[in-house]
Each structure stands twice: as structure tokens, then as C-alpha cells.
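Colleague: Before we discuss the architecture and the chain contact, please show me the sequence and the structure.

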Amino acid sequence: MERRWLWLLAAGLLVIAAAWLVRIPEPHAPVPRPEVEMPRQLRPAERQRMLSRLTRPPADAGAPRTEVRDPMLAALSAGGAGSGLVLEVNALRNSPLGELLLNCLAARDGRGNALEALQRMGIDPLRDVDRVGITEHGIVVSGDFRRANWEGLLGTATGAPYGERGQITAVDPRTDGGSTLVATRWGDSLLHLGDSEEDARRVLDAVEGRGAAPRPLLSPEQSYGELYGVVSGPDLARTLGGNEAWATALVETASRVEVHLDARRDVALVADVSGEDARKLEDLGKTLGGALALSRAQARAGGDDETAELLSFARVSPAQGGALSLEVALPLEVVARRLAFCRGDADAGRR
Amino acid sequence: MISLAVARDLLLEAAARRWFLALGLALTGLLLLLLISLRLEVVDGALAATRLFGQPLHHSIQAADVALRPVFLVASQLVFWGGLCFGVLSCADFGPALLSPGRIEHLLSLPVRRWELLAGTFLGVLALALAGAVYASAGLVLVLGAKTGVWTGWPVVSAVLAALAFGSVYAGMLAVTVWVRSAALSAAAGASLVVLGLLATHRAALLDVMGPGVGRTFFAGLTSVVPPLGKLADAAGALASSAPFAPGGLVRLLAGTLAFAAALLAVAVWRFERRDF
């Protein structure tokens, strides 16, 4: 070999040595953003589930109504609620995420007490509860409550009858304070917990199809994912908090946010934000995208790799049909790592 | 030995240049200014109070060496980054001057190998950088030591780090000069290496905000070999201000910086060996 080529060889070796020596220790390899199918519509199994839940309401003052309805969604729409979320407890229970959450509950001292108390009353939340919905007018629980010990739960086995299958029970406040709880049962499949008898009657009217049908909060076609619902702009601003200017801007821009979460394996969350002003929505999308990028960079610069990793799983998609979409895809491994503290692992979440 | 002779010639040449005369005068003037104008009565007062009353009057007063840490930190950063910028501008012409028509033919007619010429030029510039950095930092140590009684050699060690960092930049400037004999291009190469060194310092954060693709791969490859000058500057600052740092990491960083400089010099020699004059 000609001598001068030895210089080039030496240069190559020295460059490799330099690269190895000055190598900046990288944090643990980032988990790639999983290619998760985002919940965008009813999947075949969910369509079957949705169809099996539709029931025909009883006759209304001699004029039978022909439409079918999902009692849970009808109950949530009662009272003209602007926001409501539904958790598919049964579906979530049978998902890997549900297993992790249950392990978490089981491992935490004292957390099982509430579950055990309900089981003693004849309701096994892990088996008998199908869905839990929440609106500003109360909580709606659907499932199979035939074995429920209503006397133990509500203080009386029967309540004041209302409509075809409804019973309304007012539960007195506890000695340590609180307001009166109004429990509304619809047969053995639906339970509404609210704070007024007026709400209770509205729920039963909506479920049994009496009077004018309330504006639906969620249609059966929107009941996909393990968690779904809609949140109004004002409710979102209240939930997120922040200063007055931010809340006002959010309310003016986002009139409604529709949320769907798929937890069959990896966790995929879609939040579609809709509003009247397309330009403001576009600005909101850019603001969110910029905030995500900045937060990720700040977290990385500050050495908070966990937060940076989580933020890297979120993205804002451009507006589609006058709405913008926030998508979050969390690999199951990352979720499991976050919940590792339940196993008493001292290093939980640090890896 | 021949390389050292070449380095000595370069130093003599530098001494004749106004750039370095101006630098020497400016540094001396700055040190004299510090010597006559630095108000350190707080330290003097505390020492006097301790002598008089057995304890300082103000219990919250800091130890003089602790109070001086920020001064040494700032001085080390000035020497590091100021030295890099000044070095890139003032040394850009040494390589082209070496290769200037007439002079290079004369040098090659002497019993000296080509690689010795380049190595000598590099060592000469490195010695120049070392002399400037050590003169500035040692002068500051002497001034502050005389004023406060705090004597520390770490700012001088920190200045040596700055000079070695400049060595890696100058190796790139020399390599570019062997291809194109241009002082402007040499300075541009030096400035680019300083910028790349800064980017390499924040490599992980920058890669994090880059989307996958050719650009990211290119950036990752390029910044994986360039010494992270910002980390070296931080280490120099930590040394000067007696802040905690990992010595093992510094040794490795320094070895990588020297390996990078040697690689660029080897490339320069490879090209120089074949070039006709």
C-alpha cells in the first residue's frame, strides 16, 4: 500500500475513535410511536354491541313510538346535558389495559374495599357493570343488577314507582353532611344517581320515550371505543383551568370536543375539536402543535425524559371538515411502565 | 524536532504580526485595569474585622474563594469562546502563508518531510493559543490573588482546555487550506467547526425535534464526530470556578477532541503528500 494512503486509513480510525470518545450518552432509546388504528368509527364488533343495546321504548300515552334507542345514551341526553362521557367498563375490564388497572387496584392496600363493599351488596363491578356514564346531571350505570341488594345499597328495596319500569328513591344525606342522593332504577339494567327528583323523572321519561325527545348527546353510531363522549367548550375550559383569557379563547374557538379512546391493546385517543370559526380552529391546532413541540423540547432539555417520551406520542392533525384532531397513541409497554408502581417497583417509571 | 523548528518559525512570524501584538497589549491592559480598579473592600473588610474582633461583622458574608467563583467562571468562558473566535480570525492566514508560492518551494527543498511541515504549523498555532490563554488566565489569577489572597491554579488549567479545543478547530482550518489556499475559506471552515461544535453539544435535544429523514441522518452523523465544544467550555468553567464535574468524562472528551484534531491533520497530510507545487 502506498504510504500516503496510510494517512487516510489513520484518519478514518481516528474519526471512529473520536466519535466513540465524544459520544454524548443518549438517554434510553425512545419507544417508537406505535402504528395504532385510531378510533374513528364503529368496528364490526362494536356495531354488533351497539345493535344489541338498542331497545324499543314502551308505548307513550297510547301512541307507540317506532324508533329504537340505547337506554344509556337516552339517559345521558336527559336534561339537555352539554357534556357526557361513557366508560365501557366491561370492554375495558377484558382488555390488557384493564388487566393492568385491576392489578394496580388489587395491589394497593385499601383500594379493594370499595369493590368488596359493592360485591357484598350484590353488585360485582367487574362482572355486573357494563357501562358507566357521567354528565352534569349525574351518573348513569348500566349492567345486570338482578342480584343487587337494593335495601343494603339505598336503604329500601323499592322506591316510588314512575313510568313503566322506573323507581325513584331519595337517599338521606349521611350524618357527616352532603346532599340528598336521588337513585333512579330502570328495571334491573340501569341506575341513575343524581341530586334531584326532577332529573330522575327526566331520565325515566327519556329512557321510556315519553314527551319530546331530548337532543341526543351521543348517537349510537358514536359509541365506539372503550371510552367516548363529548365535552362542550365551556366545560372543557372549566376542566382545564388556566387564566380567564385562555378560557375565553377556548370557549370561543371550540364549541364541542368529541373523545374516543381505544384500549384494546395499545392506547389510542382521538379528540376531535369542532367549532364555528375555521380560522380560529386552525390557530388552535397550530397553538396545540407548537405547545406540544415546545413542551417536548423543554422536557428533554430539562432531563425529564419520561414527559418528553409521553409528549412524543401526541400529535395534532390538520382540520378535517371544520374540525381539528388531537391524536395520542401510547404503546402498551409505556402504559405498563407507568403503572409499574402498583407492583411496588421502586424504579417504576424511571426506565 | 524539525516540526518544532517549523513551529518556532511560526511563532516568530506571529510575533511580527500586529494582530498578536495587539492581543498581547489588550490582555496586558485589561489585567492592569483590573489590578488598579477592582474594588474588593468587602473581602478586605471581612479580613480586617476578623483580625480585630475575632469574627466577621456580617455573618452572612461569603468566603472570598466562593465569592470569586463567578468571576473565574465568566473569565474562563471569555477565554474559551473569545479565544476561539480570535484564533479563527487571526490564525486563518498561517496555512495559506505556508503554502504561498516561493515559500513552499523553498521549504520543500529543505530536508524536511511534508507531514513535518504541517505538524510544525499546527504545533506552532497550538503553542500560540496556549500562550495567549495561559497569559490571560494566569494574569487574572495573579491579580485576584494579590487583591484577595485567594490563590488557585484551576483557571490556568481551564485555559489549557480552551487552547486544546481551538487545536481541533485549527486542524480543520489547516486541512481546508491544503485543498484551497485561501485565508477566508480557512476562517470560514473554522467558524463552521465552532458552530458544529455548539450543535454537537445540544445534539440530543436537536435530534429530538427533527423528523426522520435524510436531514436528520446527516445531522446525526456529522455531529457524532465533531467535539461538543459547549461541553468542553462547561468543563473549563467548572474547573475554573471549582464547581463539581466528572473528571472521567472530561478525560474522554479531551481524548476525543485530540483524536478529531489528529484525524483532520491526517487527512491534510494525505492531501499534502500528493500535491504538486
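**Helix packing, sheet and interface**

Modeller: α8(B) and α14(B) are oblique to each other, because angles that are neither under 35 degrees (roughly parallel), nor over 145 (roughly antiparallel), nor 65 to 115 (roughly perpendicular) count as oblique. This is a predicted model, in which local features need pLDDT of at least 70 and side-chain atom pairs count only at pLDDT 80 or more, while totals for chains, interfaces and linings use all residues. Residues are numbered from 1 along each chain as its sequence is written, with chains lettered from A and ligands numbered from 1 in the order in which they are written.

Colleague: At roughly what angle do the axes of α8(B) and α14(B) cross?

Modeller: Helices (H or I, at least four residues) and strands (E, at least two) are DSSP runs, numbered from the N terminus. Axes are lines fitted to C-alpha atoms, for helices over the stretch in contact, and angles run from 0 to 180 degrees between N-to-C directions. The axes of α8(B) (residues 114–148) and α14(B) (residues 247–274) come within 9 Å, and the crossing angle is roughly 140 degrees.

Colleague: How many nonpolar residues does the contact of α8(B) with α14(B) have?

Modeller: Two residues are in contact if their C-beta atoms, placed from the backbone, lie within 7 Å. On the α8(B) side are Arg114(B), Trp115(B), Leu118(B) and Phe122(B), which meet residues of α14(B) including Leu265(B) and Phe272(B). Ala, Val, Leu, Ile, Met, Phe, Trp, Tyr, Cys and Pro count as nonpolar, Asp, Glu, Lys and Arg as charged, and the others, Gly among them, as polar. The contact has two charged residues and no polar ones, and the nonpolar residues number seven.

Colleague: Which strands of chain A stand at the edges of the sheet?

Modeller: The open sheet has 12 strands in the order β4-β5-β6-β7-β3-β2-β1-β8-β9-β10-β12-β11 (chain A), with antiparallel pairing; two strands pair if DSSP finds at least two bridges between them. Each edge strand has a single partner, so one of its sides is left without a neighbour in the sheet; these strands are β4 (160–162) and β11 (314–317) of chain A.

Colleague: How many of the residues of β2(A) are buried?

Modeller: Strand β2(A) pairs antiparallel with β1(A) (residues 84–87) over four bridges and with β3(A) over six bridges. A residue is buried if 20 or more other C-beta atoms, placed from the backbone, lie within 10 Å of its own, exposed if 12 or fewer, and partly exposed in between. β2(A) (residues 129–135) is largely enclosed by the rest of the structure, because the buried residues among its seven number five.

Colleague: Which residue of β3(A) stands opposite Val132(A)?

Modeller: A hairpin joins β2(A) to β3(A) through two residues. In this pairing, the residue opposite Val132(A) is Val141(A).

Colleague: Which helix packs on the sheet and touches β6(A) and β7(A)?

Modeller: Strands β6(A) (residues 181–186) and β7(A) (residues 190–194) run antiparallel, joined by five bridges. The helix also touches β3, β4 and β5 of chain A, and its direction makes about 15 degrees with that of β6(A); it is α8(A) (residues 197–208).

Colleague: Which element gives the largest share of the side of chain A that touches chain B?

Modeller: The contact takes 20 residues from chain A and 24 residues from chain B. The elements of chain A that give two or more residues are α1 (3–21) and α11. The largest share, 11 residues, comes from α1(A).
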